[in-house]
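Hi everyone, thanks for coming. Have a look at the screen while I bring it up, and then I'll walk you through the packing.

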Amino acid sequence: MKEYLEQSIIVKTAKNIMKKKLTGDEFQSELKRAVKHLSYYDGTLKQIIKKVGFCRLKPHKKYFETLVDAIVSQQLSLRAADTIFGRFKLLFKDNGSFPSPEQIIAMDDIKLRGCGLSNAKVKYVKDLSIKAADGTIKLNKLGVLPDEEIISELIQVKGIGVWTAHMFLIFCLARLNVLPAGDLGFKNAVKKNYKLKKFPSEARIEEISKKFSWRPYRSVAAWYHWQSLSLKI
């Protein structure tokens, strides 16, 4: 009964906090609560947290750049993605900053492919740029929308699915209660850390999340599992 009441208080507090825009100090305080919560309810995460250290998730406002990067990086290794995204930005080096949607729309497709983008990714990046420029995707309002509305907004873009939307929510907006159950790296980490015999399905990930009371800090739990892939546990 005591644990149930404690869990209810934590969830209610987190929901109230997420209704307003957090300051830097408030966000750090919320991360501390997340670490304490996950350590209390999940012994496996407790050990990972001890080895990894404090969670380094942090919100930022580079919405458009993050989405372009996500499209460019799809199905690529980290090194390849960084190389191609670097070449992409060099096309617009005279701007002194990340290109606007209008500048990407105006860029010749052949030059974009020359960076290493596939024909499909050129179409996806331009579709994102068109929808950002004409207001179909209201980038300036994404930060204040609920998670599900953000996902609905983003999947209007060709090449952006739920996985990309989840990555945007976690690594750009730093939303703390997103469960990226479809991410392969996350699934690998869960299989390794809980010593599962089979590769977990999304439903199994959901079960584990509930069993160890990750809510309302599922993003933080996922972040630690991703980090654990480079640890010897």
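Let me start with a question: which residues does Tyr224 touch, not counting residues up to four places away in sequence? With contact meaning heavy atoms within 4.5 Å, Tyr224 touches Val35, Leu45, Ile48, Ile49, Val52, Gly53, Phe54 and Cys55.

A quick word on where this comes from: this is a predicted model, in which local features need pLDDT of at least 70, side-chain atom pairs count only at pLDDT 80 or more, and totals for chains, interfaces and linings use all residues. Residues are numbered from 1 along each chain as its sequence is written, and side-chain values use heavy atoms, leaving out hydrogens and water.

Now, the core. A nonpolar core here is a set of buried Ala, Val, Leu, Ile, Met, Phe, Trp, Tyr and Cys residues joined through side-chain atoms within 4.5 Å. Buried means under 20% relative accessible area, exposed means over 50%, and partly exposed is in between, using a 1.4 Å probe and protein chains only. The largest such core has 68 residues, and Tyr224 is among those with the most contacts inside it, along with Val68, Phe88, Leu154, Phe168, Trp214 and Val220.

Next, the rings. Rings of Phe, Tyr and Trp (its six-membered ring) pair if their centres lie within 6.5 Å; planes under 30 degrees apart are stacked, over 60 edge-to-face, and the rest tilted. That rule gives 12 aromatic pairs. Take Tyr63 and Phe168: their ring centres are 5.7 Å apart and their planes sit at 75 degrees, so this pair is edge-to-face. It links distant parts of the chain, with Tyr63 in helix α4 and Phe168 in helix α10, 105 residues apart. By helices I mean DSSP runs (H or I, at least four residues), numbered from the N terminus. Both Tyr63 and Phe168 are buried.

Then there's Phe88 with Phe98: centres 6.1 Å apart, planes at 40 degrees, so that pair is tilted. Phe88 lies in helix α5 and Phe98 in the loop between α5 and α6, so the pair ties together parts that are 10 residues apart in sequence. Phe88 has 0% relative accessibility and counts as buried, and Phe98 counts as buried too, at 19%. Both belong to a cluster that ring pairs make from Phe64, Phe85, Phe88, Phe92 and Phe98.

So what about α5 itself: which of its residues are buried? They are Ala81, Ile84, Phe85 and Phe88. The face turned away carries the exposed residues Arg79, Asp82 and Leu90. The cover over the buried residues of α5 includes α4, α6, α7 and α8.

Over to α10. Seven of its 10 residues are buried, so this helix is largely enclosed by the rest of the structure. What covers those buried residues includes α4, α9 and α13. One of them is His166, which touches Ile151, Val178, Leu179 and Pro180, again leaving out residues up to four places away in sequence.

Last stop: Phe199, in the loop between α11 and α12. Phe199 is partly exposed, at 41% relative accessible area. Its C-alpha atom is 7.0 Å from that of Lys187, 12 residues apart along the chain.

Note on methods. Helices (H or I, at least four residues) and strands (E, at least two) are DSSP runs, numbered from the N terminus.
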